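This report describes selected local features of one structure.

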Amino acid sequence: PAYPIVVSRIADAYEVHDITLDGTTAFLSVLGYIDGEDSRIDIVDVADPIAPETIGSWNAAAEAGFTWVQEPAVSGGEMWVTSWDTSVAVVDISDLTSPALMEVFELGQPSLASVVLTDAPGQRVAVVAGEGYGAHLSVIDAEPSSPTWGTILGEVALRDEVSIHSLAFAGGTQIAAAWYQDGLRIVDIADPSAPVVVAYANTWDSTNPSSGQVFYEGAGGVTVDDDFIYVADSYRDLLVFE
C-alpha cells in the first residue's frame, strides 16, 4: 500500500467524475465533453485488473437529456443515476451489455449529486442528495411495483445557504451525509416519511482565508467502513470519525 502501482488504464473514458463498484463490475460516470453531449455511464468488467474491459454504456445525454452525470448507484438489476440537472434516472441493467432507461423522475432540486439505494427501512428507497444553494436530502420510493414509485416520501433540509453533497450507507437505518460547510450529518430513515438528523460533527474551518467563497467547500465526500466514517474535506483534508 505504501507503493501503489498503476497496472492498467482505460483510455477512452473522458473526465470520469465518480465510480461505483458492484462486485467485479465498475460503473463510471463520464462527464463527456464541455457541453455534456457524451455524458454517460460506462460499465467496465474489472475481474482482471490488468485488463479491464468496457462491456456496456448508457448515454445519459441522449436518453435522459442529462447535461453531466454525477453518481450511479446499483442494486437489484437497476441503476439510479444523478446528474447536474433536476432529475434522477432509473436504468435497467439486468443485461449489462445493453442498459435501458426505465424512468426519469423530476425532484425539483438545484441539481443532484449523490444517491444511495437501500432496503434498510423495511421498504426499498433511494436516498438522494442535491447540490446547490437550498439543496437537501430526499427519500424516494424505489420499488417499481409501488403505486408511489419515484415520489418523494420525506426530506431533510438545513440552511438554504449551505448545500448537501455526498451520501453513504452507515448501517442500520442510518445515512451519513457530507453537507459541505455544515459538516457531517447522520440521518435516520427508519421512517422514510420523516427522516431525521440524529448526530453531527461540525467540521468547518472558518480560519481558512478562502472560507465562505462558494457553496462547494468543506465536507464534500463521505464513505463508511465498519465503525469508521471517512470525510474528504476541501480545507482539512481527510477526517476520520469513530
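## Strand pairing and the main pocket

Strand 17 and strand 18 run antiparallel and are joined by 6 bridges. Strands here are DSSP runs (E, at least two residues), numbered from the N terminus, and two strands pair if DSSP finds at least two bridges between them. The model is a predicted one, in which local features need pLDDT of at least 70 and side-chain atom pairs count only at pLDDT 80 or more, while totals for chains, interfaces and linings use all residues. Residues are numbered from 1 along each chain as its sequence is written, and side-chain values use heavy atoms, with hydrogens and water left out.

An open sheet of 3 strands has the order 17-18-19, with antiparallel pairing. Strand 17 and strand 19 are its edge strands, each pairing on one side only. On average, neighbouring strands of this sheet are turned by 20 degrees against each other, direction ignored; the axes are lines fitted to C-alpha atoms.

Most residues other than glycine have a negative phi. Asp226 lies in the loop between strand 17 and strand 18 (228–233), and Asp237 lies in strand 19 (residues 237–241). Both are exposed, a term for over 50% relative accessible area, with buried meaning under 20% and partly exposed in between (1.4 Å probe, protein chains only).

| Residue | Phi | Relative accessible area |
|---|---|---|
| Asp226 | about 55 degrees | 67% |
| Asp237 | near 65 degrees | 58% |

Strand 2 (residues 25–30) has 6 of its 6 residues buried, so the rest of the structure largely encloses it. In a regular strand the side chains alternate between the two faces of the sheet. Both faces of strand 2 are covered, with Thr25, Phe27 and Ser29 buried on one side and Ala26, Leu28 and Val30 buried on the other.

Strand 2 pairs with strand 1 in the antiparallel sense over 6 bridges, and Ile19 stands opposite Leu28 in strand 2. These two strands form a hairpin with 2 residues between them, and Gly23 in the turn has a positive phi of about 65 degrees. Strand 2 is also joined by 6 bridges to strand 3 (residues 40–45), again antiparallel. There, Val30 has Arg40 in strand 3 as its bridge partner.

### Aromatic rings

The whole structure contains 3 aromatic pairs, counted where the ring centres of Phe, Tyr and Trp (its six-membered ring) lie within 6.5 Å. Trp80, Phe105 and Trp149 form one aromatic cluster.

### The largest pocket

Which residues lie nearest the centre of the largest pocket? They are Thr20, Glu71, Val116, Leu167 and Ala168, out of a lining of 18 residues. A pocket is an open set of points on a 1 Å grid where a 1.4 Å probe fits, with protein on both sides within 12 Å along at least five of seven lines; lining residues have an atom within 4 Å of a point. The elements giving two or more residues to this lining are strand 1 (16–22), strand 5 (69–75), strand 9 (112–118), strand 13 (166–169) and strand 17 (219–225). Strand 1 provides the largest share, 5 residues. The space in the largest pocket is about 370 Å³, taken as the space filled by probe spheres set on the points.

Definitions and conventions
Helices (H or I, at least four residues) and strands (E, at least two) are DSSP runs, numbered from the N terminus. Rings of Phe, Tyr and Trp (its six-membered ring) pair if their centres lie within 6.5 Å; planes under 30 degrees apart count as stacked, over 60 as edge-to-face and the rest as tilted. Axes are lines fitted to C-alpha atoms, for helices over the stretch in contact, and angles run from 0 to 180 degrees between N-to-C directions.
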